[in-house]
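Here is a friendly walk through one structure, meant to be read with the model open beside you.

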Amino acid sequence: MSHVYISHSSDDLDALLEIHESLRMAAIPDWYAPNDKDDRAAADQAIDDAFAMIVLVSASSVRSKTVRADVTRAKARNLRLIPFQIDKARLNGFFKHEVQPHLRLSSTMPDGTRQLVAEVQAAYKRKCPVLAVMNLKGGVGKTTISSQVFGAWQSALGGRVLLVDLDPQYNLTQAFFDMEYADASAAADRSVISLFERSRLHARDVVSPGERWLSLSTEPFAAVPRAELVHDLMGEDSPGGRLDLISGQFEISKYAFASDAAALDKVKSQFLRMIDHYRSDYDLIVFDTNPNATFLTRCALEAADRVLAPMHPDIYSLRGVRLLNHVIEEQVEAGKRPALSVLFNAVGRSEQSTFEADARNGAYDAKAGFALSKALLKSALPRSGHLVVKAPKEGEPPWKQLLIHSGRGGGLKAIRESLKTIGMELKALVEA
Ligand SMILES: Nc1ncnc2c1ncn2[C@@H]1O[C@H](COP(=O)(O)OP(=O)(O)OP(=O)(O)O)[C@@H](O)[C@H]1O
Ligand SMILES: [Mg+2]
């Protein structure tokens, strides 16, 4: 669990609580020392777990030993400092040296608190980027890439990765679990629908939203702890690390039939809030998405910082990418649009590599309607029999479905290298 740490003096309670409330409204977890206790060990631990530190700059915080200890530890850990001036404090030498270089915001600025929240939110998003694997064409490898590339990322590059199955066909879930397990999870609402609507995970006395086809629940709900919602794909005897899945289900196709725009809007806001909430538990969140433009596409696009579009080296896939870019530009407000990267998938050695070479040279930019040649990842995923989906074998743990951890046969080494190389290129992009 990661949070923003608020360093404050015990005299600044009003300002502290106001900021805490604004962060809560933005679904950003925070941590601050309880007013009546000076527990240095707890504070140090909270700083080590934080993704950024807000420092309340005031006449009393300048004199506070606690604040000085907080800032010193943050500096030693290279933690991002976001100071916020709340009165006309005269800065001492320590503050001038350590805090002032970062000080840009104050409570006297119009919109000061809102700007503070926006800055914290940007740091929070950078900590855990959200990536949507999407193409408005079916069968181009979205699900294969969601599992195999990001399984390899987690294994080779570390970090905690969450996969979310946003496709009502729920193939990603079936790549790891048998249908019985997937459907039992959906029946208990331990599945993706619990990101959109209040479900049996949130309260015992509700009817599952998966059973209510004709109505949408707009009642607000609080996020359940991660472990109650996700499925751990690594488990016992695995090579370790955190790779989790929020399993999919057919029932989320109900949103495509709903006509109450106001209710859909609330359902979408809940989804965005939940994704923001679970960012604190992960370093990367990946959506596998459905191939047609629906309400779910809009949700994914609004939550994502980047879209990764797999593309076959052919003209039909090109059309899917063109439509996708069009949908992003038409449907998502400027300033909130995710960046678009395109990955060639299932590239054979023969004639199709000409298509790839031409695309890289810009020959298809006009047809794509955007600078496809610039959006293309340098690495590509070759066509390989190893990547053809197989249903999980009975009794085999989910992580064994990942090529990075399992399988034998010629060419596997090369495929693993490709998967890792794509992961590294993407990581550099999302962290830039
Ligand atoms: N690089 C590859 N080499 C060989 N087969 C591949 C490769 N990538 C994907 N496939 C196979 O192509 C088929 C379609 O892939 P996948 O299900 O990942 O596509 P998708 O875009 O998720 O499809 P949908 O739009 O239905 O969700 C699967 O059988 C998969 O195993
Ligand atoms: Mg798929």
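## A strand and its partners

In strand E2, the bridge partner of Tyr5 is Trp31. That pair belongs to a parallel pairing of E1 with strand E2 (residues 30-32), which runs over three bridges. Before going further, please keep in mind that this is a predicted model.

E1 also pairs with strand E3 (residues 50-57), again in the parallel sense, this time over five bridges. Here Val4 has Ala52 of E3 as its bridge partner. Is strand E1 enclosed by the rest of the structure, or is it open? Strand E1 (residues 3-7) has four buried residues out of five, so it is largely enclosed. If you follow the chain from E1 through helix H1 (residues 13-25) into E2, you trace a right-handed β-α-β unit.

## The chain as a whole

Stepping back, the protein chain holds 16 helices and 13 strands. Its C-alpha trace spans about 70 × 55 × 45 Å along the principal axes. A compact globule of 432 residues would have a radius of gyration near 22 Å, and the 23 Å of the protein chain agrees with that. Buried residues account for 42% of the 432 residues. Among contacts between residues at least 6 apart in sequence, 76% join residues at least 24 apart.

## The eight-stranded sheet

Eight strands form an open sheet with mixed pairing, in the order E8-E9-E7-E10-E6-E11-E12-E13. Its edges are strand E8 (231-232) and strand E13 (381-382), each of which pairs on one side only. Within the sheet, strand E6 (residues 130-133) and strand E10 (residues 284-288) pair in the parallel sense over four bridges. To find this pairing on screen, look for Ala132, whose bridge partner in E10 is Phe287.

## Around the ligand

Which residues come nearest to ligand 1? Of the 19 residues around ligand 1, the nearest are Gly138, Gly141, Lys142, Thr143 and Thr144. Helix H6 (142-157) and strand E12 (339-347) are the elements that give two or more residues to this shell. H6 provides the largest share, three residues. Sorted by class, the shell has seven nonpolar, nine polar and three charged residues.

One of those nearest residues, Thr144, is also in contact with Val389, as is Ala175, leaving aside the neighbours of Val389 within four places in sequence. Val389 is found in the loop between E13 and helix H16 (412-431). The C-alpha atoms of Val389 and Thr113 are separated by 50 Å, and the two residues are 276 apart along the chain.

Most residues other than glycine have a negative phi. Asp111, however, has a positive phi of about 70°, and Asp189 has a positive value near 65°. Asp111 sits in the loop between strand E5 (105-106) and helix H5 (112-127), while Asp189 is in the loop between helix H8 (179-187) and helix H9 (226-229).

| Residue | Other C-beta atoms within 10 Å | Class |
|---|---|---|
| Asp111 | 10 C-beta atoms | exposed |
| Val389 | 13 C-beta atoms | partly exposed |

Methods. Residues numbered from 1 in each chain as written. Chains lettered and ligands numbered in written order. Predicted model: local features only at pLDDT ≥ 70, side-chain atom pairs only at ≥ 80, totals over all residues. Pairing = 2+ DSSP bridges. Near = placed C-beta within 6 Å. Nonpolar A, V, L, I, M, F, W, Y, C, P; charged D, E, K, R; others polar. Buried ≥ 20, exposed ≤ 12 C-beta atoms within 10 Å, placed from the backbone. Right-handed = clockwise from strand over helix to strand, strands pointing away. Rg over C-alpha atoms; globule rule 2.2 N^0.38 Å. Contact = placed C-beta atoms within 7 Å.
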